[in-house]
Structure formats: structure tokens, C-alpha cells
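User: Hi! Could you walk me through this one? I'd like to go through the contacts with you.
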Amino acid sequence: MSKSLTNSIREEARKILQEGKVDFVIGYGQGDNSMRTQPVFIDKVEDIDKLVWPSFGLINLANYLLRYRTTRNTPHKIGIVAKGCDSRSIVALLKENQIDRDRLFIIGVNCPGMLSRQVAREKAGEIVAASSNGDKWSFETTEGTKEISCFDLMPSNCVACRHHAPVISDVVVGDSIKEPDVEDDGYDSIREFENKPAPERYQYLMSEMSACIRCYACRQACPTCNCDECFVDITQPKWVDKGLEPTDLAIWQLIRTYHQAGRCVDCGACEEACPMGVKLLWLTRKMNLVVRERFGFEAGVDPEALPPLATYKKEDPQEFIL
Amino acid sequence: MNDDPKILAFLCNWCSYAGADLAGTSRIQYPTTLRVLRVPCSARVNPQFILKALQEGADGVLVSGCHPGDCHYLEGNYYARRKFATMLDLLEYVGLEKGRVRFSWVSAAEGGKFAEVVKEVTDGVKQVKDTSQFLKKRDWPSE
């Protein structure tokens, strides 16, 4: 938990609440242990101390704006704390006319990157208690105490992040962060996977998805998974059967990924939310790479650009068509 | 190797379906592997159709529409092209064998081309080693 970021967020939130610019502020709050973060909705200045800047904050707050989406006609003016990826999600939602910009006050945060519980669990094992000391975390596990540096706890999407600064905001807090070298675009792991033989890749898909229990936590954590009725819940026609048949599991996640084409901002909330530790970013990041290479589009970066599947160019590549 | 593949073909009503018709009335020979499903436009084909077809036992899927610029609905096939490009890239990324999912543009005047496309797609599907990818495992016999 960064003290200085926490203080500046509280200060900005207090200001806009007192001035009556917003009815409430959506921000990060401390969860029930040091590795948990929960969203908080602050509508009174007395509660302002519940706002924090978390260490393990891989949730996308833009998700909670959907409760106040345009079609619901809610009157609220909303303040929201947004790190780089959250702000890109807000842009994506604005583009799809899900929320109104003039009812939003965005407290942008220059985000230094979050830590992941999934990564901690992978590296440390079954964690009983955790505490931080400076740039290290020490975990008490069932097999003894382990110390891991913060950098090693970052998820792959934060390590590869190119948008630490918020894309849109009304006020920005935190020191600006130097974006990493553009030469390395952060998709090397995807290209490495592409080079494996096809049967091995199919095997990997099936083995990853076999752990899925269809709890849909990934869908609920995602701000761009916001259909009124998800294709997986529709029974007429029944796109995907209920149950844990392997191809159903794979197709459910493939179609979810496909629906994210040009909308996913790589916030990593889906993978962090998965109770079974299924790797999901290797799919969504591939989708992002495809959209970038084919259509030169990156989700939520340019508020003016049309979503890639809602437009076309006459000269789009068609090398795959007979 | 699969000598008698089943290929599900989504043909657009205005071009490819008429092209298939022309191939028939012109008495052009082509493989009998296709099961044709007529759709109003190639953009009607939701990429979920393709996965559903593979799951239900199709060895291959062909989607065919009007040439760019010739769409009956003016721009349907341009949108379809973007959808299919992203979906195909994703499917090949997760290891779907090449040749199982194909796309083509066939106009109403191209009966000959339609026959060529069917031949090529059929040959492609015959080369596929493992058609059990994405095939749904049922614990009862299929009808």
C-alpha cells in the first residue's frame, strides 16, 4: 500500500465530495486481509479513510460504473479512481455509449503496477499470512516463510504494461512513470507460444480449460463483459451446453475472448478473479495482438477511434480468403 | 486421413448460393462433401456458428460470400472479413489444424470457381490429421 498515493487520492476525493461535484466516489478499499482489495463506494467525507491505494489491486473499477449505465437512467454523479487500464476501460465503455462522460469525475492515478495473488500463490504455495516490508513481501505458508520481491509478484500484464498513465482523467495523482522501451512490445510470450506445434497448443488449451468450473468470475470481473444476457446463459439457441464437457469449456472461453476483440485493455482482472488459477491472459493478449497487427487498433487508447469490428476498410488484408 | 469428410458450407444467398446453383446447372463436377446452409449474407455467420459446427461433428467449415464491393447489403462482407480474420487467427493460435475452417468469395457468375473452391477445401480437410479437435464428447451414441 503506497502511503503517498493513498493520501493524494483521499485528498482529491474529499475535495470533490465537499464541493458537491459528485454524489459518491468509487475507489479501492482494504479487503479482509492484507492481500485482498475490495471496491468501496464513499458518499460521506467521514468515510474517506476507507479509500486506499492497494498493493494487490487487480480489480477493474470501471466494472462498477455499469450499475449506473446510461440505459438505467440513474441520476448520480460519480467519482472514480482509475489507474491506467481502468481509464482505458472507461474509454471503451464511453465508446459503446454505456456511460455518460458528463456524470463522471475521474481521479486518474499514475499506476506503478499491481501485485497478483495468483502469482504469489504460484511462487509461495498455500499462504497463511502475509506482510510487507518495503519492496519485499514475506509470506507464511504451510511449508515455512518465504520472501518475494514486489517485482516478482507482478502479473504478466503489469510487467508488459505500456499505459501506466490514465488516458482520460479530470485530475491526476502520483508521479508520472517512464513508459518502457517501445522496442519490446510485451507480446514476446505470445509469439513464443505461437511457435509451438499446433497439437501442443491445442493440448495446452484443453488442459488449462479443464480446470474451469464455470463460475463466470472472469466475466463478472470484466468491465467489457457487460451484455444484458451472456451467450453462455442463453438457452434458445443453446450456444454452449451446461456442464463441464471439455470442448464446451474451451469454446466458452474462446468466444468470451473473441467478444473482447478490440475491447480488452489487458487489466488482468479476469485472471486474478479465477478461483481455479486458469491462465486467461494468453488468450486475451493474443486477441489484442491480432487486433493491433491487423487493424492497428489498441483498446481504450484513442477516444475517437471506432471499435475495430464496428468498422472496416476496403483494403483490409484478406490473404486467408480463397 | 479422412476420405469422406463432412463439410458444412455457409453460402450467402445472393452470390455463393447462386454460384453453387450455376455449378449445378452447368453440370460441373465437384466433390460431394458439402452440406450447404443458405444464409442471407456472409455477415450473418456468427463465428460461434463455426465452433458449434466443429463441436457437432463437421470435419470442416466453409463460409462463402460475395466479392468485396458486391455485397447485396453493400458492406456486409467487409464486416464479415474482419470478424473472420480475428476468429481464424484465434483458432489457429489455440492449435486448430489448418484447413478445417476456410473462407471464400464466390460470385453468382462463378460456377467454375465454386467447383474449384470445393475441391480445394475438400483436399484441405482430407489432409487434416486430427478431426477430433473441438468434437464434443457425448456419453450417448450420436444419432
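User: Is A:Tyr202 buried or exposed?
Analyst: This is a predicted model, and in it A:Tyr202 has 10% relative accessibility, so A:Tyr202 counts as buried, the cut-off being under 20%.

User: And which ring does A:Tyr202 pair with?
Analyst: That would be B:Phe134: the ring centres are 5.3 Å apart and the planes sit at 75°, so the pair is edge-to-face. A:Tyr202 is in helix H6 of chain A, while B:Phe134 is in the segment after helix H4 (111-127) of chain B, so this pair joins two chains. B:Phe134 is buried too, with a relative accessible area of 0%.

User: Nice. What does the contact between the chains take from each side?
Analyst: Chain A gives 43 residues and chain B gives 40 residues. Together the two chains bury about 3900 Å², with 64% of that on carbon and sulfur atoms.

User: How many salt bridges and polar contacts cross the interface?
Analyst: The rule finds four salt bridges between chain A and chain B. One of them pairs B:Lys136 with A:Asp248, whose closest N and O atoms are 2.8 Å apart. For polar contacts, there are 23 residue pairs across the interface, both residues being at pLDDT 80 or more.

User: Which element gives the most on the chain A side?
Analyst: H8(A) does, with nine residues. By class, the side of chain A that touches chain B has 26 nonpolar, five polar and 12 charged residues.

User: Back to rings. How many aromatic pairs are there over all chains?
Analyst: The count comes to 22. Take A:Phe24 and A:Tyr68: their ring centres are 5.2 Å apart with the planes at 50°, so this pair is tilted. A:Phe24 lies in strand E1 (residues 24-30) and A:Tyr68 in the loop between strand E2 (37-42) and strand E3 (78-82) of chain A, so the pair ties together parts that are 44 residues apart in sequence.

User: Are those two buried or exposed?
Analyst: Buried: A:Phe24 has a relative accessible area of 8%, and A:Tyr68 has 14%. Ring pairs also link A:Phe24 and A:Tyr68 with A:Phe41 and A:Tyr64 into a cluster.

User: New topic: where does A:Asn110 lie?
Analyst: A:Asn110 is in the loop between strand E4 (104-109) and helix H3 (117-124) of chain A. A:Asn110 is buried, at 8% relative accessible area.

User: What lies 3.1 Å from a polar atom of the A:Asn110 side chain?
Analyst: The backbone oxygen of A:Gly174. Leaving aside neighbours within four places in sequence, A:Asn110 is in contact with several other residues too, including A:Leu5, A:His164 and A:Asp175.

Notes
Residues numbered from 1 in each chain as written. Chains lettered and ligands numbered in written order. Predicted model: local features only at pLDDT ≥ 70, side-chain atom pairs only at ≥ 80, totals over all residues. Heavy atoms only, no water. Contact = heavy atoms within 4.5 Å. Buried area = accessible area lost by both parts, 1.4 Å probe. Salt bridge = Lys/Arg side-chain N within 4 Å of Asp/Glu carboxyl O. Polar contact = N/O pair within 3.5 Å; in protein donor to acceptor, adjacent residues only side chain to side chain. Helix = DSSP H or I, 4+ residues; strand = E, 2+ residues; numbered from the N terminus. Nonpolar A, V, L, I, M, F, W, Y, C, P; charged D, E, K, R; others polar. Buried < 20%, exposed > 50% of the residue type's maximum accessible area, 1.4 Å probe, protein only. Phe/Tyr/Trp six-rings, centres within 6.5 Å; stacked < 30°, edge-to-face > 60°.
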